[in-house]
Amino acid sequence: MLIDGVFSGGGLKGFALVGAYQVLEEKGYRFQRVAGTSAGAIIACFIAAGYSANEMEELLDELDMMSLLDPRRTLLPLPLMKWIGLYWRLGLYQGKALENWFLEKLAAKNVYTFADVKPGSLKLVASDLTNGKMLVLPDDLERYGIVADSFPIARALRMSCGIPFFFEPVKLKVGSGDTIVVDGGVLSNFPMWIFDDDKGKKRRPVLGLKLSRGQEEQQQGYPIHNALQLFEALFTTMKNAHDERYISRKHEKDIIFIPVDGFSATQFDLSDGEKEELMEIGRSRTTQFLKIW
C-alpha cells in the first residue's frame, strides 16, 4: 500500500522510528513521499535514498554515536573554555562529523543533492532564527537565492538536526550577511500538515510517527523546581505548541504515538541494550496501531 509519511523529531530517541519502520515495511507499506524534523528528517532521508529498515538498523549498529560529537580544539584545555566557546560559536559541538556521516551514508546510495531524489518526495523542516520563520527544505531555498536541486541533502539534514546550543548552527550565506539556521523542532517538531494541499486535502493516506504519548496518555505537566527543569519545560513547550494546535481527534487516528519518556534526545552514550529497547518500543506500538488503522 502506498502512503506518505511524517516523522517527528526526538534526537537519539529516533531509534524507535527505525523499529516502527521495520514493522511497516514488513506489512507491505511503502512511502511515496516522506517528511520529517530532526531525527525524523534522518529517517525520511534514508527512506528517500532507498535504505530498507534492516539496512538502517545495520548502519546504526555500526555507528559509534560519540564519534559524532566534535568539540573545537582550544589552546587551553580548561573546562571553562568549553563554555566560552559556546558563547561565541553558539554550540558545544561543530556538527561537521554529523554532516560528514550523513554525506557518507547517502553517497552509498548515490544520493547527494535534492536532484537525486524524486521531486516532491522529500521535505525537511528547519528553523531560520535570523528571520524568525520556518524553513521547509528544499521548497524554500529559492527565497534565499539558492538552487534547490544543487543543495546537498547532508547539509539540509545538518540544519534540521541542529539542536540549539548543542550543535553550532548552520550559517547560510545570503547576500552580504549570514542566516542562522537551527533544529526544525524549534518551530515544528512534527509537521503533520506538510502534505496538505491548499484545501487541506491529501493525495493519499498520510501516516505520522510521533515520539511522544498521545493526548490521552499525556503526563500531568512538567515538574519545575530549578533552572534546568525550567529550560527543559520551555523548550518542550516551544517544540510542541505549533503542532499540538494542528493535531485534532481527526488527525490522531493517523498517528502512531511512540512513548519514549525515559530517554534523552541528546543521550549519545546509549548502550546497545537501550538502542534495542527503543527499537522494540517502536515495533510494539506500530504493531498495535496497525491492528485498528
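**Salt bridges and a hairpin**

So, a search of the whole structure turns up 12 salt bridges. Keep in mind that this is a predicted model.

Let's start with Glu-99 and Arg-155, whose side chains meet in a salt bridge at 3.0 Å, N to O. Glu-99 sits in helix H5 and Arg-155 in helix H6, so this pair ties together parts that are 56 residues apart in sequence. Buried or exposed, what is Glu-99? Glu-99 is buried, at 16% relative accessible area, while Arg-155 counts as partly exposed at 29%.

Next up, Asp-139 and Lys-123 form a salt bridge at 2.6 Å, N to O. Asp-139 is in the loop between strand S5 and H6, and Lys-123 is in strand S4, so here the parts tied together are 16 residues apart in sequence. In this pair Lys-123 is buried, at 12%, and Asp-139 is partly exposed, at 39%.

Then there's Arg-143 with Asp-140, at 3.8 Å, N to O. Arg-143 is exposed, at 65%, but Asp-140 is buried, at 10%.

And which residues are linked in a network of salt bridges? Those are Glu-57, Glu-276, Glu-280 and Arg-283.

Now the hairpin. Strands S7 and S8 pair in the antiparallel sense over five bridges, with Lys-171 standing opposite Ile-180 in S8. Two residues come between the strands, and Gly-175 takes a positive phi near 65°.

Zooming out, the chain has nine helices and 10 strands, and 52% of its 293 residues count as buried.

Methods
Residues are numbered from 1 along each chain as its sequence is written. This is a predicted model: local features need pLDDT of at least 70, side-chain atom pairs count only at pLDDT 80 or more; totals for chains, interfaces and linings use all residues. Side-chain values use heavy atoms; hydrogens and water are left out. Two strands pair if DSSP finds at least two bridges between them. Helices (H or I, at least four residues) and strands (E, at least two) are DSSP runs, numbered from the N terminus. Buried means under 20% relative accessible area, exposed over 50%, partly exposed in between (1.4 Å probe, protein chains only). A salt bridge is a side-chain nitrogen of Lys or Arg within 4 Å of a carboxyl oxygen of Asp or Glu.
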